Amino acid sequence: MKNLHYPLLIVTLFCCSFTQENNAQQPSCEWCGATEAPSNITSSTTIADSSEKGERIKISGTVYQPDGRTPAGDVILYVYHTNTEGVYPKKGNETGNGRRHGYLRSWIKTGSNGNYSFETIKPEPYPGRTVPAHIHITVKHQSKKEYWLKDFFFYGDNLLSEKDIKNETGEDRFNHVIRLIKQGELLAGKRDILLKN
């Protein structure tokens, strides 16, 4: 009678292991990604290398504590976006939310000064062209769960609506709509980020 328990135990362990493995490979939320950050991230990154077709842009800024004055260190920013065709391109070897977000994604961890920067290509709107071109961003800091911030949008995009442009903070430095200015071989923009309480 004792031997009948062994097959049941083996099946149970296999199922639990299989479920945990699948959950680790495919995050439950479609937009998150901060928890997939590598251990060696820094305050600046390059998302799209020089072989990626598109106009080069660089976005930088400072992340602030909710008081709007104190720079926030050790904050993980997760950013991802479409390519020049408006799709999230994939190479086929993506894991986790890379399967949804493609390879044009990266992570940044602010230093004690709160600064961050990333270089990439300017994304294009989705093929249906109803949503403005944008870069997604999520934030993970201290003991807070990862949360979504308003996307990076770009001034001059004809698809921007008043709702897209609305800046809840009222301070221009925390505006999520970026004004890109030519700097050498690329377009540069700035956005400071205000953390939630």
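## Pockets

The largest pocket in this predicted model comes out at about 280 Å³. A pocket here is an open set of points on a 1 Å grid over the protein atoms alone, where a 1.4 Å probe fits, with protein on both sides within 12 Å along at least five of seven lines. Volume is the space filled by probe spheres set on the points, with grid points joined across faces, edges and corners. The lining (residues with an atom within 4 Å of a point) takes in 14 residues, and L149, T169, F174, R191 and L194 are the ones nearest the centre. By class, that lining splits into six nonpolar, three polar and five charged residues; Ala, Val, Leu, Ile, Met, Phe, Trp, Tyr, Cys and Pro count as nonpolar, Asp, Glu, Lys and Arg as charged, and the others, Gly among them, as polar.

Next comes the second largest pocket, at about 210 Å³. Its lining is made up of Y155, D172, R173, N175, V177, R179, I181, Q183, A188, G189 and K190. Two elements, β10 (181-183) and β11 (186-190), each give two or more residues to that lining, and β11 supplies the largest share, with three. Here the classes are four nonpolar, three polar and four charged.

## Ground rules

Numbering starts from 1 along each chain as its sequence is written, and side-chain values use heavy atoms, with hydrogens and water left out. Because this is a predicted model, local features need pLDDT of at least 70 and side-chain atom pairs count only at pLDDT 80 or more, while totals for chains, interfaces and linings use all residues.

## The chain overall

The protein chain has three helices and 12 strands (DSSP runs numbered from the N terminus: H or I of at least four residues for helices, E of at least two for strands). Of its 197 residues, 42% count as buried, meaning under 20% relative accessible area with a 1.4 Å probe and protein chains only; over 50% is exposed, and in between is partly exposed. Among contacts (heavy atoms within 4.5 Å) with a separation of 6 or more, 70% link residues 24 or more positions apart.

## Strand β2 and its partners

Strand β2 (residues 56-64) has seven of its nine residues buried, so it is largely enclosed by the rest of the structure. It pairs (at least two DSSP bridges between two strands) with β5 (residues 115-121) in the antiparallel sense over seven bridges. β2 also runs parallel to β11, joined by four bridges, and parallel to β12 (residues 193-194), joined by two.

I57 shows up in two of these pairings: T120 is its bridge partner in β5, and L187 stands opposite I57 in β11. V63, meanwhile, faces I193 in β12.

## The four-stranded sheet

An open, antiparallel sheet runs in the order β4-β3-β6-β7. Its edges are β4 (105-109) and β7 (147-148), each pairing on one side only. β6 (residues 135-140) and β7 are antiparallel over two bridges, with V139 opposite Y147.

T45 sits in strand β1 (residues 44-46) and is buried, at 18% relative accessible area. Its side chain makes a polar contact with the side chain of S106 at 2.9 Å (N or O atoms within 3.5 Å; within protein, one able to donate a hydrogen and the other to accept it, and residues adjacent in sequence counting only if both atoms are side-chain atoms). Leaving out residues up to four places away in sequence, T45 touches S106, W107, I108, S117, F118 and E119.

K91 is in the loop between β3 (76-81) and α2 (98-101), and is exposed at 62% relative accessibility. K91 and G102 are 11 residues apart in sequence, with 7.6 Å between their C-alpha atoms.
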